[in-house]
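Biologist: I would like to learn how to read the packing in a model like this one. Could we go through it feature by feature?

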Amino acid sequence: MTLPLTPDPTLDVSELRAIIDSSADCIKVLDLEARVLSMNAGGMETMEIADFSVCHNLLWPSFWEGEACVQVEQALDAARAGQTTTFEGPARTFAGTPKWWEVRVSPLRAPDGIVTRLLASSRDITARKRIEQQLIEAQHELRNHAQALEVRVEQRERALEAFVHFTTQVASSTDLNDIATAASDIIRDAVGGAISGFYLVKGELAYPVMFSSNTPPAVIAARRAGIALSAPLVADALARRGTSFLTGEDGRVQSVGYASALSITAYHQGDQPYALFATGCQRTEWTAQEQAIIESVGRGLGLALERAAQTQELTRQRDALTIRTHELIAANEELDAFTYSASHDLRTPIRHVMGFADLARAALVKNQPEKIGRNLDIIQQGAMRMNGLIDGMLMLSRAGRQDFRPQMVPLEPLIVQAQQDAQLEFPEQVIDVRFQGAVIVWGDATLIQQVLTNLISNAVKYSTGREVSEVTVHVGDTEAEWTITVRDNGVGFNPEYSGKLFGIFQRLHTQDVFPGIGVGLATVRRIALKHGGRVFADGAVDQGATFGVALPKPVV
């Protein structure tokens, strides 16, 4: 079988022109100055050109703007140099429609290889660019969604850690600041960065104890003055004995201008308002989940506060029992000392009275007036000694029975009074008392006055051998107690006997050297024990002595 002859594959100019015109790509022939010399029919349709004459001999770069125009000039320069360049850029059609184009610029050469014209082909890629942009936007949205999920997961993890910490804190601490801080950490991490504060009620206001770490300084400054219990949201929470929420403009009005979403959780001790836990955020609404978290944290904080109050009450009872135990021990020791005194110290002057009364009677029989007078003087001294001992025991007894009315007591006026008392007792002695000013301690003012008067008088008495009695009163301040020490430049004492100095009728010197009955320091010890404190002494022979009392700070 004979096949038909294959037609000549060579296309004539009209066929080539028809092929080019049918292409949707905008194919343009430019001169070396980039003027448009020709454009295919398909390209005119894509460029929305009805009549080629409107663009004939126009400079092709004028079709472009901005960065795209720069790209066009660079591609033209490369084509004039014999190179082909491809780029993508935006440009409007002649009808003003914005489109994206994929552009290829190539040189056209004469038979001798010289570049005589330029060929620019532009393909409409607007649909592709739109899909790419949608893909980019979708990826961006997915990325944002993933980041939001990561943030929520991180927040939930922080909230869980905060709940664990809060539970641990509640179980291990009774400090209100620590417990409230743990609750605030949960709110901050679980409720989108919400701020919070814990307040204690005093009268008609609630004053801040702590603020969350993310609370703005302006809010802290505004809330230092306290929150009125009559504020609508607070009053509602107190009436509910629980948590009340407020949102929107009402929330902003009742806040200090920072938050729109507010909550107040109220706590009571018995029937009396005790504390408030306040939260707020700048969003206008609380979500149901956030309200559930705030209420849950509020209930947990309430249980922690109840436990802290119970623990503090038990601590107060224990401390009171400890004080009473110490007082009982001291009373027993003093009873032993009193028994010894009744059988020894009091009996000694009685024996003197009885003995020298017999001698005086004998001298009277023998008509020896000088002996009678001397014996009567000794009898009188013994009676005075016995009277002093009895007065001392009564003073010590009164110190133990006196009502205890503790308050914050400024020491400076008490020290001045004690110095005046010492000067009256030792009018011939020059006394120089040095002390700190504006120091305040917790205790019974009347009893502390007795302590200072006894200690300063004791310091002056044992430094009367000096030209000037130099007495220094120092107050130490630690986290648990105040220590009041009185140091002198007197005769001092052997430190081996420091343990006996605070006992009743205990003396290291004879009556003729330093008069006294040995009750002053015993009274100081009794008063210190009544405060739940302690006494101490330090000294050396001829190097002065230091006597001190430690007063515990009250449990807040």
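**Contacts, helices and core**

Modeller: Leaving aside its neighbours within four places in sequence, Val 541 is in contact (heavy atoms within 4.5 Å) with Val 491, Gly 492, Phe 493 and Asn 494. This is a predicted model, in which local features need pLDDT of at least 70 and side-chain atom pairs count only at pLDDT 80 or more, while totals for chains, interfaces and linings use all residues. Residues are numbered from 1 along each chain as its sequence is written, and side-chain values use heavy atoms, with hydrogens and water left out.

Biologist: Where does Val 541 lie?

Modeller: Val 541 lies in the loop between β17 (534-539) and β18, where strands (E, at least two residues) and helices (H or I, at least four) are DSSP runs, numbered from the N terminus. Val 541 and Gly 492 are 49 residues apart in sequence, yet 4.6 Å apart in space, C-alpha to C-alpha.

Biologist: How are two packed helices described?

Modeller: Two packed helices are described by the angle between their axes and the distance between the axes. Here the axes are lines fitted to C-alpha atoms over the stretch in contact, and angles run from 0 to 180 degrees between N-to-C directions. Helix α13 (residues 445-461) and helix α14 (residues 520-530) pack at about 150 degrees, with their axes 9 Å apart. The two helices are therefore roughly antiparallel, a word used for angles over 145 degrees, with under 35 counted as roughly parallel, 65 to 115 as roughly perpendicular and the rest as oblique.

Biologist: Which residues of α13 and α14 meet?

Modeller: Leu 447, Gln 450, Val 451, Asn 454, Leu 455 and Asn 458 in α13 meet residues of α14 including Leu 521, Val 524 and Ile 527.

Biologist: At what angle do α12 and α13 cross?

Modeller: The axes of α12 and α13 cross at roughly 45 degrees and come within 8 Å, which makes α12 oblique to α13. On the α12 side, the contact is made by residues including Leu 414, Ile 415 and Ala 418, and on the α13 side by residues including Ile 448, Leu 452 and Ile 456.

Biologist: How many residues has the largest nonpolar core?

Modeller: A nonpolar core is a set of buried (under 20% relative accessible area, 1.4 Å probe, protein chains only) Ala, Val, Leu, Ile, Met, Phe, Trp, Tyr and Cys residues joined through side-chain atoms within 4.5 Å. The largest has 36 residues, and those with the most contacts inside it are Leu 411, Leu 452, Ile 456, Ile 484 and Phe 547. The largest share of this core, eight residues, comes from α13.

Conventions:
Buried means under 20% relative accessible area, exposed over 50%, partly exposed in between (1.4 Å probe, protein chains only).
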